[in-house]
Amino acid sequence: MDHPAAARPLSPHLQVYRLTFTMVLSGLHRIMGLALSVCSLLLAGWLVAVARGPEAYAVAGRLLASLPARLVLAGALVAFWYHLFAGFRHLAWDAGLGFEKAMTRKSGGLVVALAALASILTLVAAWRFLGGSS
Amino acid sequence: MSGREPRGNLVPDPHSTRHWRNQRITAIALVPLGLWFLFALLSLPDLGYASVSAWIAKPWQAALLLLFAWCALWHSSLGVQVVIEDYVPRRVQTRTLRLLQALHGAAAIAAAYAVGLLALGGAG
């Protein structure tokens with residue numbers, strides 16, 4: 001802690017900037033991505049449970065049927081759609097498209113609207129898994 | 001960093017361009033694969049053992065499922081790396097990165113083992 005390097009000023013971070021719409025979207029892309037990272041690891045665990053047979057799968061099924069797990073899975077669906085649509089926006093930027101300030105706000109709004117719509121539709125379709133009987 | 005070009009010579013670091021490129025390749029691959037996975041899952045009659053194991057036992061479904069799991073894990077590992085580089089203190093950065101990469105690698109091997117077992121007769 002008393003090392004001279006520790007006393008050096010750091011470049012300003014998030015807290016010095018006024019929060020804007022596009023900034024929140026950018027942060028959400030990362031957070032949703034991290035949530036999906038956890039899901040990708042859970043997917044591997046779920047596949048192993050299936051491969052190990054009905055008893056192991058039943059244990060996984062009981063864990064996934066609990067209310068907190070169902071809320072997590074519903075959240076994963078939202079994260080999937082948001083990260084997908086926001087990912088298209090990032091790929092467009094990689095191609096050099098849509099950098100204008102007004103355009104970034106418009107494309108951001110579109111991403112949120114599409115993610116919300118797709119989430120609601122698939123949550124309805126998944127209701128029998130998430131809300132129904134285990 | 002070792003292996004850098006002499007100062008003042010701005011040559012792209014091949015390691016970081018590879019990271020950037022692989023992140024984009026896996027992102028594009030995950031668009032059809034992710035949508036396929038979600039809709040395949042939603043169109044199962046139920047999530048019981050019989051339905052799920054019968055689904056994965058079909059060779060094409062198993063191949064797509066493994067491809068999806070691998071792309072998702074690879075994309076995940078690349079993304080997590082960037083977050084670690086941004087937020088984890090330097091002192092423990094490398095260790096954290098190696099740990100999470102090992103976790104992703106183990107998950108990729110486990111997924112291959114599981115899908116292979118189900119597709120190649122485990123369910124038959």
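Helix 1 and helix 4 of chain A are oblique to each other, because their axes cross at roughly 50°. Angles under 35 degrees count as roughly parallel, over 145 as roughly antiparallel, 65 to 115 as roughly perpendicular and the rest as oblique. The two axes come within 10 Å. Axes here are lines fitted to C-alpha atoms, for helices over the stretch in contact, and angles run from 0 to 180 degrees between N-to-C directions. Helices are DSSP runs of H or I with at least four residues, strands are runs of E with at least two, and both are numbered from the N terminus. The model is predicted: local features need pLDDT of at least 70, side-chain atom pairs count only at pLDDT 80 or more, and totals for chains, interfaces and linings use all residues. Residues are numbered from 1 along each chain as its sequence is written, with chains lettered from A and ligands numbered from 1 in the order in which they are written.

Helix 1 of chain A passes helix 4 of chain A in a left-handed crossing. A crossing is left-handed if the near helix is turned anticlockwise from the far one by less than a right angle, and right-handed if clockwise. Helix 1 of chain A brings A:Phe21, A:Thr22 and A:Leu25 to the contact. Helix 4 of chain A brings A:Thr104, A:Arg105, A:Gly108 and A:Val111. Residues are in contact if their C-beta atoms, placed from the backbone, lie within 7 Å. Three residues of this contact are nonpolar, three are polar and one is charged. Ala, Val, Leu, Ile, Met, Phe, Trp, Tyr, Cys and Pro count as nonpolar, Asp, Glu, Lys and Arg as charged, and the others, Gly among them, as polar.

A:Leu25 lies in helix 1 of chain A. A:Leu25 counts as partly exposed because it has 19 C-beta neighbours inside 10 Å. A residue is buried if 20 or more other C-beta atoms lie within 10 Å of its own, exposed if 12 or fewer, and partly exposed in between, with C-beta atoms placed from the backbone. Beyond its neighbours within four places in sequence, A:Leu25 is in contact with A:Ala86, A:Gly108 and A:Val111. The C-alpha atoms of A:Leu25 and A:Val112 are separated by 8.5 Å, although the two are 87 residues apart along the chain.

The span of helix 1 of chain A agrees with expectation: 31 residues at 1.5 Å a residue should span 45 Å, and the end C-alpha atoms are 44 Å apart. The expected span is 1.5 Å times one less than the number of residues. Just after this helix, A:Gly53 takes a positive phi of about 110°.

Helix 3 of chain A covers residues 67-94. Its 28 residues should span 40 Å, and its end C-alpha atoms are 40 Å apart, which agrees. Buried residues of this helix include A:Leu77, A:Phe80, A:Trp81, A:Tyr82 and A:Ala86. Their cover includes helix 1 and helix 4 of chain A, together with helix 1 of chain B. A:Gly96 follows helix 3 of chain A and has a positive phi, near 85°.

Chain B contains four helices and zero strands. Buried residues make up 21% of its 124 residues. Among contacts in chain B with a separation of 6 or more, 74% join residues 24 or more positions apart.

In chain B, the axes of helix 1 and helix 3 come within 9 Å and cross at roughly 140°. These two helices of chain B are therefore oblique to each other. Their crossing is left-handed. The residues in contact include B:Leu30, B:Leu33 and B:Trp36 of helix 1 of chain B and B:Leu67, B:Phe68 and B:Trp74 of helix 3 of chain B. The residues of this contact divide into 13 nonpolar, six polar and no charged.

The contact between the chains takes 27 residues from chain B and 24 residues from chain A. Each of the four helices of chain B, helix 1 (14-42), helix 2 (49-57), helix 3 (59-87) and helix 4 (90-122), supplies at least two residues of the side that touches chain A. Helix 4 of chain B gives the largest share, nine residues. The side of chain B that touches chain A holds 21 nonpolar residues, five polar and one charged.

B:Ala111 lies in helix 4 of chain B. B:Ala111 counts as buried because it has 26 C-beta neighbours inside 10 Å. Leaving aside neighbours within four places in sequence, B:Ala111 is in contact with A:Ala44 and A:Leu47 of chain A and with B:Leu66 and B:Ala69 of chain B. The C-alpha atoms of B:Ala111 and B:Leu67, 44 residues apart along the chain, are separated by 9.9 Å.

Conventions: Two residues are in contact if their C-beta atoms, placed from the backbone, lie within 7 Å.
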